[in-house]
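I am opening a notebook on this chain. My plan is to go from the whole to the details.

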Amino acid sequence: MSQIDIGLRLALKHIDEQHNLSFATYLQGLAEYTTAMDLKAGEQLDLPRGLYFVESGMIKAEADTSASLTRGRQKLFATPVMGRSTDSIGQLTARSATVGRGQAALKNAPGIMSQFSHTFRLARVGPGFVIGCISEFTGQEIPGTFICMTESRVHYLPFETIEELEISKPTLIMHLYKLLAHLGARRQELTIGQLSTLRSIMSSSAPSKPISRKAMAHLSENFQP
């Protein structure tokens, strides 16, 4: 392995190879400003704002079903209940001790809370992926939760450092922003393609008669890899 294929430089090389680019040479200067993070399988990646260049390993991104870029995870609140038909909303006290005790009980009951919280996998990322691009341009928190599927190594570039380099090394940061813009455009193209596929599925006519389990089993047997 040559000297250029170590640490952040290896992560940048992966990006160039996957996207047919040539940014690694221009961005090698970022190596002295990044921090290498070695993560174990099953470990959750702590995500203070910044960029994370994946050098090795596989990481999955999960999100709560109620989460989005503009709305965080929904919380379960204990609310007053009108138990009789003669009760009125004016009699309810949102900050009463009863409501407080109810909220505390919900927080101490993980089983109950888990019934209202469901996660789904957004993506799996590996070498050549940069985590935090959306956060860098929008100023919001990095969406989703990132959990290592295997032993992984990422290189963290803090947002504050990027701001400082905009003044001290503007050419270096210009190349970084060009790379992020290119990666963002590529992901947008993929998203548009996926939406087109989804639209085709949603607009296709349903079978006039549901397929029986026997027929489905027969199809599965014939199409086994």
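Entry 1: What does the accessible surface of the chain come to, and how much of it belongs to carbon and sulfur atoms? I read off about 15400 Å², with 56% belonging to carbon and sulfur. I am working on a predicted model. I then looked up burial: of the 225 residues, 31% count as buried.

**Entry 2: elements and contacts.** I went through the secondary structure and found 8 helices and 7 strands. Residues 24 or more positions apart account for 81% of them.

**Entry 3: confidence.** I checked the pLDDT before going further. The mean for the chain is 76. I note that 66% of the residues reach 70 or more. Which elements have the lowest and the highest mean pLDDT? Helix H4, residues 110–114, has the lowest, at 50. Strand E7, residues 152–158, has the highest, at 94.

I also looked for stretches where pLDDT stays under 50. One of them covers residues 69–83, and there the model has 30 contacts beyond four places in sequence. Another covers residues 112–116, with 4 such contacts.

**Entry 4: aromatic pairs.** How many aromatic pairs does the count come to? The count comes to 1. Tyr-52 and Tyr-156 form this pair, and it is stacked. I noted 4.8 Å centre to centre and 20 degrees between the planes. The angle counts as stacked because it is under the cut-off of 30 degrees.

The pair links distant parts of the chain. Tyr-52 sits in strand E2, residues 50–56, and Tyr-156 in strand E7. They are 104 residues apart.

Are the two tyrosines buried or exposed? Tyr-52 has a relative accessible area of 0%, so I log Tyr-52 as buried. Tyr-156 has 13%, under the 20% cut-off, so Tyr-156 is buried as well.

**Entry 5: a nonpolar patch.** I turned to the surface again. Which residues form a nonpolar patch there? They are Leu-195, Leu-198 and Met-202. Together they have about 340 Å² of accessible area.

I followed up on Leu-195. Leu-195 is found in helix H7, which runs over residues 170–203. Why does Leu-195 count as exposed? Its relative accessible area is 51%, and the cut-off for exposed is over 50%. Leu-195 is therefore logged as exposed.

Terms used:
Residues numbered from 1 in each chain as written. Predicted model: local features only at pLDDT ≥ 70, side-chain atom pairs only at ≥ 80, totals over all residues. Heavy atoms only, no water. Patch = residues over 30% accessible without salt bridge, like charges linked within 9 Å, V, L, I, M, F, W, Y side chains within 5 Å. Areas by Shrake-Rupley, 256 points an atom, 1.4 Å probe, with all protein chains shown as cover. Salt bridge = Lys/Arg side-chain N within 4 Å of Asp/Glu carboxyl O. Helix = DSSP H or I, 4+ residues; strand = E, 2+ residues; numbered from the N terminus. Buried < 20%, exposed > 50% of the residue type's maximum accessible area, 1.4 Å probe, protein only. pLDDT = per-residue confidence, 0-100. Contact = heavy atoms within 4.5 Å. Phe/Tyr/Trp six-rings, centres within 6.5 Å; stacked < 30°, edge-to-face > 60°.
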